[in-house]
Amino acid sequence: MKLSISPPPFEGAPVVVLIAGLGGSGSYWLPQLAVLGQEYQVVCYDQRGTGNNPDTLPEDYTLAQMADELALALAGAGFARYCVVGHALGALVGLRLAIDKPDALTALVCINGWLTLNAHTRRCFDVRERLLHAGGAQAWVEAQPLFLYPADWMAARAPRLEAEEALALAHFQGKANLLRRLHALKQADFSRHAARVRCPVQIICSTDDLLVPSVCSAELHAALPHARRTVMRQGGHACNVTEPDTFNTLLLNGLASLLHSPEPAL
């Protein structure tokens with residue numbers, strides 16, 4: 001698996017791995033790369049079956065496989081210890097890594113993630129899946145911003161959204177791959193395993209997230225033994241994109257706190 005790795009800003013700089021959501025593209029983190037690169041060695045990547053890592057995913061593809069693929073790629077690149085920042089599906093991959101590779105994770109940031117799939121989120125994904133079957137990639141891509149961004153933010157950026165849609169269509173991961181990744185996401189359930197996460201966790205959510213209600217982050221916070229939660233007043237599901245200044249401040253402060261926390265007692 002190809003990784004995009006920034007040079008370390010100084011010797012011994014902590015490593016931060018960025019994991020995108022269902023879209024799978026490392027470019028999702030563009031609003032964070034410059035600020036993170038000043039203090040951390042940043043790793044991002046296109047997930048298997050997307051972008052620069054094209055592949056046909058197996059029918060029984062799982063979240064555990066997503067985590068294993070990333071862990072193997074990071075080990076191959078020489079990274080033994082790292083912090084993970086994950087958005088939605090990426091947060092779930094981060095949780096899986098924290099459970100399966102506890103010696104590797106120094107800290108975890110979960111953005112608009114969840115413990116187990118909320119009924120509202122399931123409804124949203126079911127609707128989007130029906131759109132994909134009925135209207136193909138065009139319908140999926142056109143509907144996607146409705147679940148990612150606040151209405152006012154979209155209304156003020158119509159040309160930008162048109163350009164994003166054209167790019168998303170040009171790099172669409174394929175119906176089969178998308179459905180297999182979506183199935184893996186919908187099956188993920190950490191309700192019986194969250195207590196095994198031993199690294200410190202920062203949870204960030206947005207109150208106006210249409211796709212993942214903020215209560216999901218509250219439930220995740222309650223289930224994790226070493227977690228703290230920050231709630232953004234606005235920003236939608238893609239709050240790191242729509243409110244980058246606010247988000248980046250929260251992220252940098254959170255990472256500094258997490259990585260300087262004492263190791264939790266086991």
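Q47 sits in the loop that runs between β3 (41-44) and α2 (63-76). Helices (H or I, at least four residues) and strands (E, at least two) are DSSP runs here, numbered from the N terminus. This is a predicted model, where local features need pLDDT of at least 70 and side-chain atom pairs count only at pLDDT 80 or more, while totals for chains, interfaces and linings use all residues. Residues are numbered from 1 along each chain as its sequence is written, and side-chain values use heavy atoms, with hydrogens and water left out.

Is Q47 buried or exposed? With a relative accessible area of 4%, Q47 is buried; the cut-offs are under 20% for buried, over 50% for exposed and in between for partly exposed, using a 1.4 Å probe and protein chains only. Setting aside residues up to four places away in sequence, Q47 touches I19, A20, G21, G24, N53, L89 and R181, where contact means heavy atoms within 4.5 Å. As for A20, its backbone oxygen lies 2.8 Å from a polar atom of the Q47 side chain. A polar contact is a pair of N or O atoms within 3.5 Å; within protein, one must be able to donate a hydrogen and the other to accept it, and residues adjacent in sequence count only if both atoms are side-chain atoms.

## α4 and its two partners

Two packed helices are described by the angle between their axes and the distance between the axes. Helix α4 (residues 119-148) and helix α6 (residues 158-170) have axes that come within 10 Å and cross at roughly 145 degrees. Those axes are lines fitted to C-alpha atoms, for helices over the stretch in contact, and the angles run from 0 to 180 degrees between N-to-C directions. On the α4 side, the contact uses A137, Q138, V141, E142 and P145, and α6 supplies L161, E165, A168 and L169. Sorted by class, that is six nonpolar, one polar and two charged residues. Ala, Val, Leu, Ile, Met, Phe, Trp, Tyr, Cys and Pro count as nonpolar, Asp, Glu, Lys and Arg as charged, and the others, Gly among them, as polar.

Then there's helix α7 (residues 175-187), which packs on α4 at an angle of about 175 degrees with the axes 11 Å apart. That makes the two helices, α4 and α7, roughly antiparallel; angles over 145 degrees get that label, under 35 are roughly parallel, 65 to 115 roughly perpendicular and the rest oblique. R122, F125, D126, E129, L132, H133 and W140 from α4 meet K175, L178, L179, L182, L185 and K186 from α7.

## L178, a residue of α7

L178 lies in helix α7 and is buried, at 2% relative accessibility. Beyond residues up to four places away in sequence, L178 touches L22, L132, W140, F172 and Q173. L178 and L57 are 121 residues apart in sequence, with their C-alpha atoms 9.1 Å apart in space.

## α1 against α10

Helix α1 (residues 30-37) packs with helix α10 (residues 244-259) at about 45 degrees, the axes being 10 Å apart, so α1 and α10 are oblique to each other. Here, too, the crossing is right-handed. P31, Q32, V35 and L36 of α1 make the contact with P244, F247, N248, L251, L252 and L255 of α10. The tally for α1 with α10 is eight nonpolar, two polar and no charged residues.

Most residues other than glycine have a negative phi. What is phi at A88? A88 has a positive value, near 55 degrees. A88 belongs to the loop between β4 (82-87) and α3 (89-100) and is buried at 6% relative accessibility.

N112 also has a positive phi, near 50 degrees. N112 is in the loop between β5 (105-111) and α4, and counts as buried at 1% relative accessibility.

## D208, partly exposed

D208 is in the loop between β6 (201-206) and α8 (214-223), and at 31% relative accessible area it is partly exposed. Apart from neighbours within four places in sequence, D208 is in contact with P150, R233, Q234, G235 and G236. The backbone nitrogen of G235 lies 3.1 Å from a polar atom of the D208 side chain. P150 is 58 residues from D208 along the chain, with 7.4 Å between their C-alpha atoms.

How values were computed. Left-handed = near helix turned anticlockwise from the far one by under 90°.
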